Amino acid sequence: MEHTKLASTRWLESQNALTKGVAVLFGSLLLTAGSYITVPMVPVPMTMQTFAVMVIGALFGWRLGGLTVACWLLQGALGLPVFAPGAAGGIARFFGPTGGYLLSFPLAAMMTGWLVSRGWDGSRFIKGFAAMLAGNLFVLAFGGLWLAALIGLEKGMALGVTPFIAGAVTKSVLGAAVLLAVSARRFDRR
């Protein structure tokens, strides 16, 4: 079965390495901006990072989306201030309470991009929402299990999953709206 891709993904995949590099840089900046839109909570802050992760995966495609998020994580591991403000920088960040969420981001971007390439592309709002929600729930599950390993299952779920479910749904609605808008606009006027 032939699956259609978003016009933005088709366009980006056909570009040279320089253009793709600029896309990775833009995606890193978008993720960093999402990191700084935060609601302070302990031990895991609520941010717009997951919104950015899913949109990047959906619009860039699963390969370049995953690579973009991985490059952003590398920037953070090197100590650049790309993560939520006030948090420890460098590699130590990956071993603390938010480590599981961070490590799940490239996989979530890839999952969302893959689902979008399989027709969950936002041409129908519900399908776009489902693709975004699947990525968000993957992040919550992986991050919640990581946190539970550090502080116990009950406490990990209470502090690292339950308070974020409404936000995951809201960000999925916003992401689906972005996909719907991109699907409505045709980059390749056939």
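**View A. Helices α1 (7-13), α4 and α5 line the second largest pocket of this predicted model.** Each of the three supplies at least two lining residues. (Helices are DSSP runs of H or I, at least four residues, and strands are runs of E, at least two; both are numbered from the N terminus.) The largest share, three residues, comes from α5. The pocket holds about 160 Å³ of space. Its lining has 13 residues, and closest to the centre are Lys5, Glu13, Trp62, Ser117 and Arg118. By class, the lining splits into four nonpolar, five polar and four charged residues. (Nonpolar: Ala, Val, Leu, Ile, Met, Phe, Trp, Tyr, Cys and Pro; charged: Asp, Glu, Lys and Arg; polar: the others, Gly among them.) On a 1 Å grid over the protein atoms alone, a pocket is an open set of points with protein on both sides within 12 Å along at least five of seven lines; a cavity is a set where a 1.4 Å probe fits but cannot get out; lining residues have an atom within 4 Å of a point. Points are joined across faces, edges and corners, and volume is the space filled by probe spheres set on them.

Residues are numbered from 1 along each chain as its sequence is written, and side-chain values use heavy atoms, without hydrogens or water. Local features need pLDDT of at least 70 and side-chain atom pairs count only at pLDDT 80 or more, while totals for chains, interfaces and linings use all residues.

**View B. The structure has one cavity of 30 Å³ or more.** Two or more lining residues come from each of β2 (46-47), α3, α5 (99-117), α6 (125-151) and α8. The lining comprises 11 nonpolar, six polar and two charged residues.

**View C. Val42 and Pro43 are joined by a cis peptide bond.** Omega is about 5°. Pro43 sits in the loop between β1 (38-39) and β2.

**View D. α4 packs on α5.** Their axes come within 7 Å and cross at roughly 165°. α4 is therefore roughly antiparallel to α5. (Under 35 degrees counts as roughly parallel, over 145 as roughly antiparallel, 65 to 115 as roughly perpendicular, the rest as oblique.) Axes are lines fitted to C-alpha atoms over the stretch in contact, and angles run from 0 to 180 degrees between N-to-C directions. From α4, Trp62, Gly65, Gly66, Val69, Ala70, Trp72 and Leu73 meet Leu102, Phe105, Pro106, Ala109, Met110, Gly113 and Trp114 of α5. This contact (heavy atoms within 4.5 Å) has 11 nonpolar, three polar and no charged residues.

**View E. α3 (residues 49-60) packs on α4 (residues 62-77).** The angle is about 145°, with the axes 6 Å apart. α3 contributes Gln49, Val53, Ile56, Gly57 and Phe60; α4 contributes Trp62, Leu64, Gly65, Thr68, Val69 and Trp72. Seven of these residues are nonpolar, four polar and none charged.

**View F. α3 also packs on α8 (residues 165-184).** Here the angle is about 30° and the axes are 9 Å apart. The two helices are therefore roughly parallel. Thr50, Phe51, Val55, Ala58 and Leu59 of α3 touch Lys171, Leu174, Gly175, Val178, Leu179 and Val182 of α8. The classes are eight nonpolar, two polar and one charged.
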